[in-house]
Amino acid sequence: MPLEAVEARRLYRQVADQLRALIDSGEYAVGSRLPTERELAEQLKVSRPTVREALIALEVEGRVRIRVGSGIYVIEPANPATSVPATLIEGPFELLRAREFFEGAIAEQAARVATKDDLARIDASLIAMENVEHPGEASMVHDRAFHVAIAGCLGNAVLVRVVGELFDQRLNPYFSQLAHYFESPRTWRAALDEHRVVRDAIAARDPEAAREAMRDHLARSQERFARNFGTEAGAVPAPARTRAARSAARPSKPKRPPKKQAAGSGTRRR
């Protein structure tokens, strides 16, 4: 028998597989409620975002139903012909953490090299975002345009494509299902304010502020998706603790006016 490549399973899929096996074995009968996210995280020795990704995967597969304010309940398995296959889709938090690191570095460089035309494209996307309903397809188009416009400041088609492809992962069924619970006009306004902070840091040619503003925006996005489903009180999402710790560990620096650039500096090779 020929050997087959060994493929590492993502952690949230391992958690989903364990929970599915317990359901199939009758440990959790149809109609019963699963332990809370906190209890599952403690028992499985994983983070709560990992548990949440696993629960969302099981809901998309038609194995559980999440009832905000009540809990997570086992339901009759969906028709196999209509259920979503257990493919290796990136989890929502995994994607946001990757974007936090990657796009933070891009925003930092954009603050060094952005031109007036670049800023005009960023501003156009913000204006469009201000005049669109959310959640909806149009709001995602303009949100994507904002992030792609910042990547475009660097004049590198590969970076533009990667940023766009990472954003497009929001269209995967797991991310869409999670967004269904937590995205609203209120969260859209918060995200829009965070976008403006990124834009202003780039316009001020402050690389450090631009990097931190972008990372803060994507960390806050994780916080919004990590809010409790309503069955537990007083829990602080892990991203909030991480962001607070990062801010506390970094000493504050006095603001200084942007440096004047010599003629011809900061130009890019297209």
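The model is predicted, so local features need pLDDT of at least 70 and side-chain atom pairs count only at pLDDT 80 or more, while totals for chains, interfaces and linings use all residues. Residues are numbered from 1 along each chain as its sequence is written, and side-chain values use heavy atoms, with hydrogens and water left out.

Let us start with two helices. Helices here are DSSP runs of H or I with at least four residues, numbered from the N terminus. Helix α5 covers residues 116-130 and helix α6 covers residues 137-152; they pack at an angle of about 170°, with their axes 9 Å apart. The axes are lines fitted to C-alpha atoms over the stretch in contact, and angles run from 0 to 180 degrees between N-to-C directions. That angle makes α5 roughly antiparallel to α6, a label for angles over 145 degrees. On the α5 side, the residues in contact (heavy atoms within 4.5 Å) include Ile122 and Leu126, and on the α6 side they include Phe146 and Ile150. By class, this contact has eight nonpolar, three polar and three charged residues. Here Ala, Val, Leu, Ile, Met, Phe, Trp, Tyr, Cys and Pro count as nonpolar, Asp, Glu, Lys and Arg as charged, and the others, Gly among them, as polar.

Staying with α6, look for Ser139 in this helix. Is Ser139 buried or exposed? Its relative accessibility is 0%, so Ser139 counts as buried (under 20% relative accessible area, with a 1.4 Å probe and protein chains only). Leaving aside residues up to four places away in sequence, Ser139 touches Val132, Glu133, His134 and Trp188.

On a 1 Å grid over the protein atoms alone, a cavity is a set of points where a 1.4 Å probe fits but cannot get out, and lining residues have an atom within 4 Å of a point. The count comes to one cavity of 30 Å³ or more, and about 190 Å³ of space lies in the largest cavity. Its lining has 17 residues, with Arg170, Glu183, Ala191, Ser221 and Arg224 nearest the centre. Helix α10 gives the most to this lining, with five residues.

Finally, find Arg38 in helix α2 (residues 37-44).

Terms used:
Parallel < 35°, antiparallel > 145°, perpendicular 65-115°, else oblique. 1 Å grid on protein atoms, 1.4 Å probe; cavity = no way out; pocket = protein on both sides within 12 Å on 5 of 7 lines; lining within 4 Å. Points joined across faces, edges and corners; volume = space filled by probe spheres on them. Buried < 20%, exposed > 50% of the residue type's maximum accessible area, 1.4 Å probe, protein only.
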